Amino acid sequence: MTTTTRPAPTAGPIALATPARIAGLDLPNRFVMAPMTRFHSPGGVPTDEVAAYYRRRAENGIGLIITEGTLVGHPSASHETTVPRMTAGAAEAGWRKVTDAVHAAGGRIATQLWHLGSERRPVDGIAAWTPSGTTGAPEAGAAAESLPMHTMTTGDIDVIVAAFAESARVAARAGFDAIEIHAAHGYLLDEFLWPATNRRTDAYGGSPARRAALPAEVIRAVRGELPVIIRFSQFKERDYEARIADSPAELEAILTTLADAGADVFHASQRRFWEPAFPGSPLNLAGWARKLTGRPSITVGSIGLSGDLPFPQAMSRLGEGLSGGEFDLVAAGRILLGNPAWARLVTEGRFAEIRDYEKAHEDVYY
Ligand SMILES: Cc1cc2nc3c(=O)[nH]c(=O)nc-3n(C[C@H](O)[C@H](O)[C@H](O)COP(=O)(O)O)c2cc1C
């Protein structure tokens, strides 16, 4: 493992350590753990090891944890057997241990609810549920493996909305503080947002606002249970250049539809948080979400990673974004895999103790 001595950053850590009240939740600071699939829940049930993994981040200064993608209870959601579920047999009891552990450590925790859409694998013979039976990227998901893709009827849409609602009810019982709806990265709800995969001519396709109709229905169906965070992105896992909105006006049509449906917080997924979302303005995607909707937003993307933007500048940029009202919370992903105490080390200025992110950290689990 390598360590890097870094010069002390400026206002970033101070702003990150400032408490916030967001969507009715009292958060001890602005640090968020980004959702990361880890494949450690056999049969879809989170184990004691999963509870310890999240507790370790909460007791080391992460104010809000967003769990790895958690599958809603419909056979089309995924083929995966070690990705957690919300409604499977013992899953609720497993999640209760996780939420209790995080709360005991002073943290808050949201669950990310997930349906893979065309990204499911054909191992169990179940067709991929999609908006229009097509994938946007030539090598994408089910299409690459000749799995028949099913174009969802409006009846199917009702079934999926009900599956999200049922998962939200279980999540509330299991002690979660909030729900995050996964509408990013090319999975089912994002396939509705993206014109390349949504060619529908009914109420769920066409204009940007109509493409947002299904994610909006999901928000309306879960909002009575817990505060709702919606995660969205321009890029897709298989197409980094993809866009759901070509202009601020198109983004506004999508995001105000989601805000009107009851989204409390927008989690704007970018690969590099400092990149402007549209030409002519330095605002990043989270900045645009906040500006267009008036709702709080979470920024994310390469935070804490050594790369194009050196650590002190990245911290300064985060400090400016937080204190200037561009975004409200800051999510870190990969840096937390090998550094469970990353938030504490940043807050306490112990930069020399931070281990640089390495791909191999994705294989460890502690
Ligand atoms: C191992 C791994 C698993 C991920 N799983 C999810 C997921 O389940 N849901 C999701 O929305 N994003 C997922 N992501 C994306 C992260 O939430 C985050 O947006 C991305 O890693 C960029 O942040 P970072 O540069 O701080 O890592 C995953 C990323 C990694 C590295």
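1. Basis of the note. The model is predicted, so local features need pLDDT of at least 70 and side-chain atom pairs count only at pLDDT 80 or more, while totals for chains, interfaces and linings use all residues. Residues are numbered from 1 along each chain as its sequence is written, and side-chain values use heavy atoms, with hydrogens and water left out.

2. Length of helix α3. Helices (H or I, at least four residues) and strands (E, at least two) are DSSP runs, numbered from the N terminus. Helix α3 covers residues 91–104, and at 1.5 Å a residue its 14 residues should span 20 Å; the expected span is 1.5 Å times one less than the number of residues. The end C-alpha atoms of α3 are 20 Å apart, which agrees. Just after α3, Gly106 has a positive phi of about 90°.

3. The buried face of α3. Here, buried means under 20% relative accessible area, exposed over 50%, and partly exposed in between (1.4 Å probe, protein chains only). In α3 the buried residues are Ala91, Gly94, Trp95, Val98, Thr99, Ala101 and Val102. Seen down the axis of α3, these residues fall within an arc of 160°, so they line one face of the helix; the arc is that of the directions from the helix axis to the C-beta atoms. An α-helix has 3.6 residues a turn, so residues three or four places apart point the same way. The cover over the buried residues of α3 includes α2 (48–58), β4 (64–71) and β5 (108–114).

4. Ala101 within α3. Ala101, in helix α3, has a relative accessible area of 13% and is therefore buried. Contact means heavy atoms within 4.5 Å. Not counting residues up to four places away in sequence, Ala101 touches Ala51 and Arg55. Ala101 and Pro46 are 55 residues apart in sequence and 13 Å apart in space, C-alpha to C-alpha.

5. The buried residues of α2 are Val50, Ala51, Ala52, Tyr53, Tyr54, Arg57 and Ala58, and they pack against β3, β4, α3 and α12. Ser41 lies in the loop between β3 (31–33) and α2. With 1% relative accessibility, Ser41 counts as buried. Leaving out residues up to four places away in sequence, Ser41 touches Pro46, Val50, Thr81, Thr82, Val83 and Pro84.

6. Helix α5. The 20 residues of helix α5 (residues 154–173) should span 28 Å at 1.5 Å a residue, and its end C-alpha atoms are 29 Å apart, which agrees. Among the buried residues of α5 are Asp156, Ile157, Ile160, Phe164 and Ser167. Gly175 follows α5 and has a positive phi, near 100°.

7. Ala332 in strand β12. Ala332 is found in strand β12 and, at 2% relative accessibility, counts as buried. Apart from its neighbours within four places in sequence, Ala332 is in contact with Val32, Met33, Ala34, Ile303 and Trp342. Ala332 and Ile65 are 267 residues apart along the chain, yet their C-alpha atoms are separated by 10.0 Å.

8. The largest pocket. On a 1 Å grid over the protein atoms alone, a cavity is a set of points where a 1.4 Å probe fits but cannot get out, and a pocket is an open set with protein on both sides within 12 Å along at least five of seven lines; lining residues have an atom within 4 Å of a point. Grid points are joined across faces, edges and corners, and a volume is the space filled by probe spheres set on the points. The largest pocket has a volume of about 1,300 Å³. Of its 44 lining residues, Pro35, Met36, His185, Glu237 and Arg334 are the closest to its centre. The elements that give two or more residues to this lining are β5, β8 (178–185), β9 (228–236), β12 (329–332) and α12 (335–338).

9. The second largest pocket. This pocket holds about 330 Å³ of space. Its lining has 14 residues, of which Gln234, Tyr240, Arg243, Gln270 and Glu275 lie nearest its centre.

10. Cavities. The structure holds 2 cavities of 30 Å³ or more. The second largest cavity has about 50 Å³ of space, and the residues lining it include Ile22, Leu64, Pro227 and Leu329.
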